[in-house]
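The structure is shown first.

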Amino acid sequence: MAAALSITDFHDAVDYKIVKCTSIEDATKFVNVTGSSGTLYAAYIDSANCTAAVSLHILDGKDTANTEIAIRSSPTVIRSVQIPTGFAFDMLNFWVSANSGEDDTTDFAGSIDVTLICS
C-alpha cells in the first residue's frame, strides 16, 4: 500500500481536523482515522489519476461494519460532498473501491486522493 495518511488540527483557529490520504491504490480500509469521535462535514475524492469510476465508502465503525455513505466518482474528476448538519461518528473509517455496492472491496486501477473535513 503506497497511501500516505495525514491529519491536521487547527485548535487555535477553528475546531476542525483535515484528514488527507494521498495515492490510495487499493481498497484497504482506513480505521479510526481521527483517533476520536467527531462530526464529518465534507468529503472530497480526487480521481484525476484513475482510469475508471470509483467509490468512497464512509462509516462509523463503532456502530456498524456496513457502508453508511458511498460517494461515486467518475474517472479523472474531483468530487465533493458537503454535509451541512454533519455526520456524527465515534470511529471514522473509510476506503475506496471500484464499486459503490455496500461493503465492496474491489481494487481499482490508478490512484485516488481523499480529504475529509471533521470536527
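## Basis and first residue

A residue counts as buried under 20% relative accessible area, as exposed over 50%, and as partly exposed in between, with a 1.4 Å probe and protein chains only. Leu 5 is partly exposed because its relative accessibility is 40%. The model is predicted: local features need pLDDT of at least 70, side-chain atom pairs count only at pLDDT 80 or more, and totals for chains, interfaces and linings use all residues. Residues are numbered from 1 along each chain as its sequence is written, and side-chain values use heavy atoms, with hydrogens and water left out.

Leu 5 lies in strand S1, residues 4-9. Strands are DSSP runs (E, at least two residues), numbered from the N terminus. Contact means heavy atoms within 4.5 Å. Not counting residues up to four places away in sequence, Leu 5 touches Val 19, Lys 20, Cys 21, Phe 30 and Val 33. Leu 5 and Thr 22 are 17 residues apart along the chain, and their C-alpha atoms are separated by 6.6 Å.

Two strands pair if DSSP finds at least two bridges between them. An open sheet is formed by three strands in the order S5-S4-S7, with antiparallel pairing. S5 and S7 are at the edges with a single partner strand each, so one side of each has no neighbour in the sheet. On average, neighbouring strands of this sheet are turned by 15° against each other, direction ignored; the axes are lines fitted to C-alpha atoms, and angles run from 0 to 180 degrees between N-to-C directions.

Strand S4 (residues 54-60) pairs with S5 over five bridges and with S7 over six bridges.

For S5 (residues 69-73), the covered face has Ile 69, Ile 71 and Ser 73, while Ala 70 and Arg 72 are on the uncovered face.

## Nonpolar core

A nonpolar core is a set of buried Ala, Val, Leu, Ile, Met, Phe, Trp, Tyr and Cys residues joined through side-chain atoms within 4.5 Å. The largest one has 27 residues, of which Ile 24, Leu 56, Ile 58, Phe 94, Val 96, Ile 112 and Leu 116 touch the most other members. Two or more residues each come from S2 (17-24), S3, S4, S5, S6 (78-89), S7 (92-97) and S8 (110-118).

Beyond four places in sequence, Ile 24 touches Ala 3, Phe 30, Phe 94, Val 96, Phe 108, Gly 110, Ser 111, Ile 112 and Val 114.

## Tyr 41

Tyr 41 is in strand S3, residues 38-50. Its relative accessible area is 26%, so Tyr 41 is partly exposed. Leaving aside neighbours within four places in sequence, its contacts include Tyr 16, Val 81, Ile 83, Pro 84, Ile 117 and Cys 118. Tyr 41 and Ser 111 are 70 residues apart in sequence, with 24 Å between their C-alpha atoms.

## Cysteines

How many disulfides (pairs of cysteine sulfur atoms within 2.5 Å) does a search of the whole structure find? The count is zero. For Cys 21, the nearest cysteine sulfur is that of Cys 118, 13 Å away. Cys 118 is likewise in no disulfide. Cys 21 counts as buried because its relative accessibility is 0%, and Cys 118 is also buried, at 0%.

Technical notes:
Helix = DSSP H or I, 4+ residues; strand = E, 2+ residues; numbered from the N terminus. Disulfide = S-S within 2.5 Å.
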